[in-house]
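Reader: I'd like to learn how to read the features of a protein model. Could you walk me through one?

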Amino acid sequence: MEQDKFWNVERSYFITSEGRVDLPMFFYQVRVRHLNFFVDYDRVLPLLKGTGLVPCKFFNGKAVVSLILFNYQKVSIPAYEEVVISIVVRPEMLPDPKIYLTNFLKQKGANWTVGAYVLEMPVTIPEARAAGREIWGFPKFETKIPYKLEGNYFEFAVLDPETEEQIVSVKGKTGIGIKMRAFDYVNYSNYNDFIWKTISDVDGYYKNCFRRTAEVKVGPSKHRMAENIRQLGLEKLKPFVIQVSDKLRFRLNPGRAVVPFKSP
């Protein structure tokens, strides 16, 4: 594995409250179920208040919100699961590129002018929680994430870390799709009074499934994540595409400051 040129990059390290993390973090083997939704712009906008970021308005006047399950089978920290709710955004104080779809045609994240703001990011181990919060400013919290991935069928849930009530459950099935090379991940976050940009170099392929079914249900939990899903109205929406991969790998790089902005 060390001889693979994808991993042949210079590395540093960061000491978190849970121990040392080598950077970039290496994700050697990853399974992903990535649900993409068009959400009314006015539902999304209040969730970004105070971040210095605004949702990108696409051709239909809507914002793009993603609900993602990552099953990290082999990582440079212990294996874990993660669920992400993210919004496609841009820094409001920088020039608006206006035509956002062109970003997604550029596979290399360094060329992107937009990115994904992480609204929620539950994980299953303390090492991942500490790294996400302390290195990148991601809103990670530790909890249980039961899941099942069987062929075209998938299901997963996020439990309230205090009560173990269900925050959300997701069930879905995918069918035929178009195989495409995966593009890099680009994230914006608020960190140390800056807007921070982080790029993950991704290697592998997605199947973009246009024949798909998915059901999102919010549980009885009063957790902030449950309230945010209710605000977005995801229970009443169907994803416009589900991206599937059982063999993805990537390098999560240290982020960099883009523009000064008081962290909320």
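Author: Here is a short tour, from overall shape to single residues. This is a predicted model, in which local features need pLDDT of at least 70 and side-chain atom pairs count only at pLDDT 80 or more, while totals for chains, interfaces and linings use all residues. Residues are numbered from 1 along each chain as its sequence is written, and side-chain values use heavy atoms, with hydrogens and water left out.

Reader: What is the radius of gyration of the protein chain, and what should I compare it with?

Author: The radius is taken over C-alpha atoms, and the globule rule is 2.2 Å times the number of residues to the power 0.38. For 264 residues that rule gives a value near 18 Å, and the protein chain has 17 Å, so the two agree. Along the principal axes, the C-alpha atoms fill a box of roughly 45 × 40 × 40 Å.

Reader: How many helices and strands does the chain have?

Author: Helices (H or I, at least four residues) and strands (E, at least two) are DSSP runs, numbered from the N terminus. The protein chain has four helices and 18 strands.

Reader: What percentage of the residues is buried?

Author: Buried means under 20% relative accessible area, exposed over 50%, and partly exposed in between, with a 1.4 Å probe and protein chains only. Here, buried residues make up 54% of the 264. In helix α3 (residues 126-136), A128, A130, A131, G132, I135 and W136 are buried. Just after α3, G137 takes a positive phi of about 75°.

Reader: How many residues are in the largest nonpolar core?

Author: A nonpolar core is a set of buried Ala, Val, Leu, Ile, Met, Phe, Trp, Tyr and Cys residues joined through side-chain atoms within 4.5 Å. The largest one has 42 residues, and M225 and L232 have the most contacts inside it. Contact means heavy atoms within 4.5 Å. Leaving out residues up to four places away in sequence, M225 touches V83, I85, E120, P122, F141, V158, I167 and V168. A second, separate core of 29 residues includes Y72, A128, W136 and Y206.

Reader: How many aromatic pairs are there?

Author: Rings of Phe, Tyr and Trp (its six-membered ring) pair if their centres lie within 6.5 Å; planes under 30 degrees apart count as stacked, over 60 as edge-to-face and the rest as tilted. The structure holds 17 such pairs. W136 and F138 are stacked, because their ring centres are 6.3 Å apart and their planes are at 15°. Y185 and F250 are edge-to-face, at 5.4 Å centre to centre with 85° between the planes. Y185 lies in strand β13 and F250 in strand β17 (residues 241-252), so this pair ties together parts 65 residues apart in sequence. Both Y185 and F250 are buried. Ring pairs also link F27, F70, Y72, Y80, Y185 and F250 into a cluster.

Reader: Which backbone angles deserve a second look?

Author: Most residues other than glycine have a negative phi, and most peptide bonds are trans. The peptide bond from L23 to P24 is cis, with omega near 0°, and P24 is in the loop between β2 (19-23) and β3 (25-40). N192 has a positive phi of about 50° although it is not a glycine, and N192 is found in the loop between β13 (185-191) and β14 (194-203). N192 counts as exposed, because its relative accessibility is 55%. D193, in the loop between β13 and β14, has a positive phi near 60°. At 34% relative accessible area, D193 is partly exposed.
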